[in-house]
Amino acid sequence: MDHVVLLQKILVVSFIVALFWKIIRYMCNLLHVEKEPVRILVTGAAGQIGYAIVPMIARGVMLGPDQPVILHLLDIEPVAEALNGVKMELTDAAFPLLKGVIATTDPIEACMGVNIAVMVGGFPRKEGMERKDVMSKNVSIYKAQASALEKHAAEDCKVLVIANPANTNALILKEFAPSIPEKNITCLTRLDHNRALGQISERLDVQVSDVKNVIIWGNHSSTQYPDVSHATVHTSRGEKPVRELVSDDKWLNDEFITTVQQRGAAIIKARKQSSALSAASAACDHIRDWVLGTPGNMGFHGGIF
């Protein structure tokens, strides 16, 4: 008889626990408030890097798996049809985090209320052109876009310049958008940082996530200096210096540096197009760590204007 009473008590307690658990879950669902969407501008959105980066942003690679986004896509009038095609594909991909897409050739409409601006578009240097010719073209492009950001972007707008010459374009943007804090205008060196990580991980046959504290000094150009003086690798025996593990200063001081410096040109030679995929990925890494913080002891990667 005692066993029957005990069993009944156990069943009653189990029922009460299950009921309370359901109530708690229901209340949690009621209290759950979805984050406000972040508005992200991508200029040159119909181009190679634009085409690579917009699905990454829409999938949460840039701002995390729980952050809704609204994409503002800007490009020039001659590629308006292609830009609309990008918008169509974003719709067809049915990204849960994507709460809207604005595709336009009007800088003012594109910049309206944006929280993050990824400046991919710019005038590329062509055969026979001098650097001053490219700079004069980009002055007019970045003057118009900077003015639109100045007047219509969110107050705390963060800007990442990708189009080369990235540092010069960032300077132009700063001059024509004086109300945007200087600390909020950056340019992309994270690609070079990622390239350096990739070379070290390949050389040592380790996971790229185990390589820490690589530094890129200088601009995004062939004069940059990839530095492993403070770099370490996580091993089963603890953190070990990269120089100790590589044990080949000639490779680190020559081939490694040259490979990172000239990686973009090598990719163009190999695939006859620029490194769009890795640039898009690096841009997402840059913004993610800037907004959400770096994961632990990752190290300095430069790129801040």
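User: In this predicted model, buried means under 20% relative accessible area. On that definition, are the residues I116, V118, A117 and M119 of β4 buried or exposed?
Analyst: I116 and V118 lie on one side of β4, and A117 and M119 lie on the other. Both faces of the strand are covered. Under the 20% cut-off, the state of these four residues is therefore: buried.

User: Which residue in β5 stands opposite M119?
Analyst: β4 runs parallel to β5 (residues 158-161), and four bridges join them. β1 is also joined to β4 by four bridges in a parallel arrangement, with I40 opposite I116. On the β5 side, the residue facing M119 is V161.

User: How many residues does the largest nonpolar core have?
Analyst: Its residues with the most contacts inside the core are I40, V42, I53, L71, L73 and L90. Elements that each supply at least two residues include β1 (38-43), α2 (48-59), β2 (69-74) and α11 (276-292). Apart from this core lies another of 24 residues, V114 and A146 among them. The number of residues in the largest core is 36.

Key:
Residues numbered from 1 in each chain as written. Predicted model: local features only at pLDDT ≥ 70, side-chain atom pairs only at ≥ 80, totals over all residues. Heavy atoms only, no water. Core = buried A, V, L, I, M, F, W, Y, C linked by side-chain atoms within 4.5 Å. Buried < 20%, exposed > 50% of the residue type's maximum accessible area, 1.4 Å probe, protein only. Pairing = 2+ DSSP bridges.
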